[in-house]
Amino acid sequence: MRQSILLTAVLSTLSFAQVSYAAEEAKEEASDWTATANIAVVSDYYFRGISQSWHKPTAQGGMDITHSSGFYAGVWGSGVTPNTYPDANTEIDVYAGYNGTIPVVEKLGYTVGIYGYMYPGGSWKKYRASNAANPNDVLTPRGGRWDTYELNAGISYDWISAKVSYTLTDWFGADKTTGWDGSTKGSTYFELNAAYPLPWWDLTLIGHVGRLNVAGKLDPTFTPDGVNFPSTSISGATNPDYTDWKIGLSKAFKIGKTEGWNAGVYWVESDNSRYWGDSGYGGTSFNGKGTSTTAQSKNLNEGRLILTVGRTF
């Protein structure tokens, strides 16, 4: 009996050890991957210095997965305005890439990736504009979707980073069929970012400056179907290039026992109001409301104080 009990105890111990080892091994394997989700509300959705929500609040959210090797992928969405993206109320971004470190210098890192911006239901074909000579003529470009895909590469050191993005497609559908002087593939966006942790109240100082260079300009002679198309603007601007900047504070905090909350307040602005302002082509509504003389327009690049609050979990 004692021998049997001892044998049973030994087998039980071995079995428990095997189960524990298997569980620990599975835990270690599972820990290579991390999944997170995020939600937020913003007072105005500015992307690269330009309002995407017609200066109105909107909700945002996404999901990300990362691997211990440095691989990452995710999806993110935000409300946008159909004034800028006709028949589209939502932007859906998909992305993937790799983050790594450069061992020769401590805190030196790099990133490479691909990023896609998609606008379900929207395209240049939904753009409606009235002919200045005859407001009853409604003109429609023959172009494709707003969807745009980019390659990006960057480098970082501690709290500062730099990145360049390069369009693999036309820049948000801008090509000859939509009133431009040619393809806009190869447009670039250069940016310098900083997130400096301050010694007070767990605040982080956020800074950003970027430069957009579009590989093309509006064609003032563009005439779809032989009718003069108002591809220029009251200001006469044909070049969308600009420099944008952002500065502000962010703070992580808890609500009760829930962690992962964050809030921010930022000043965001960009130049080139001749194109992006209320007298420019970029600040004019593309959804066909109004007439050639009363079309909706806004200064989409004017300086604004942006408030955000969200949670990652």
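**Figure 1. Tyr98 and Tyr110 form a tilted aromatic pair.** A residue counts as buried under 20% relative accessible area, as exposed over 50%, and as partly exposed in between. In this predicted model, Tyr110 has a relative accessibility of 32% and therefore counts as partly exposed. Tyr98 also has 32% relative accessibility, so Tyr98 counts as partly exposed. In general, a pair of aromatic rings is described by the distance of the centres and the angle of the planes. For Tyr98 and Tyr110 the distance is 6.3 Å centre to centre, with 35 degrees between the planes. Tyr98 belongs to strand S6 and Tyr110 to strand S7, twelve residues apart, and the pair links distant parts of the chain.

**Figure 2. Tyr85 and Tyr119 form a stacked aromatic pair.** The count of aromatic pairs comes to 22. In the pair shown here, the ring centres of Tyr85 and Tyr119 are 4.2 Å apart and the planes meet at 10 degrees; planes under 30 degrees apart count as stacked, so this pair is stacked. Tyr85 lies in the loop between strand S5 (71-79) and strand S6 (90-101), while Tyr119 lies in the loop between strand S7 (108-118) and strand S8 (129-130), so the pair ties together parts that are 34 residues apart in sequence. Both Tyr85 and Tyr119 are buried.

**Figure 3. Strand S12 pairs with strand S11 and with strand S13.** Strand S11 (residues 160-167) and strand S12 (residues 188-197) pair in the antiparallel sense over seven bridges. S12 and S13 form a hairpin with five residues between them, and Trp201 in the turn has a positive phi of about 55 degrees.

**Figure 4. Tyr119, Trp171 and Trp180 have the most contacts inside the largest nonpolar core.** This core has 31 residues. The elements that give two or more residues to it are S5 and helix H2 (273-276). Not counting residues up to four places away in sequence, Trp180 touches Trp124, Trp171, Ala174, Asp175, Val214, Gly216, Lys217, Leu218, Asp219, Pro240 and Tyr275. A second, separate core has five residues, including Tyr46, Ile206, Val268 and Ile306.

**Figure 5. The charged end of Lys246 sits over the ring of Tyr266.** The distance from this charged end to the centre of the ring of Tyr266 is 4.5 Å. For the setting of this and the other views, the chain contains two helices and 16 strands. Of its 313 residues, 38% are buried. Among contacts between residues at least 6 apart in sequence, 60% join residues at least 24 apart. The accessible surface of the chain comes to about 16900 Å², and carbon and sulfur atoms account for 61% of this surface.

Conventions:
Residues numbered from 1 in each chain as written. Predicted model: local features only at pLDDT ≥ 70, side-chain atom pairs only at ≥ 80, totals over all residues. Heavy atoms only, no water. Phe/Tyr/Trp six-rings, centres within 6.5 Å; stacked < 30°, edge-to-face > 60°. Helix = DSSP H or I, 4+ residues; strand = E, 2+ residues; numbered from the N terminus. Buried < 20%, exposed > 50% of the residue type's maximum accessible area, 1.4 Å probe, protein only. Lys NZ or Arg CZ within 6 Å of the ring centre and 35° of its normal. Pairing = 2+ DSSP bridges. Core = buried A, V, L, I, M, F, W, Y, C linked by side-chain atoms within 4.5 Å. Contact = heavy atoms within 4.5 Å. Areas by Shrake-Rupley, 256 points an atom, 1.4 Å probe, with all protein chains shown as cover.
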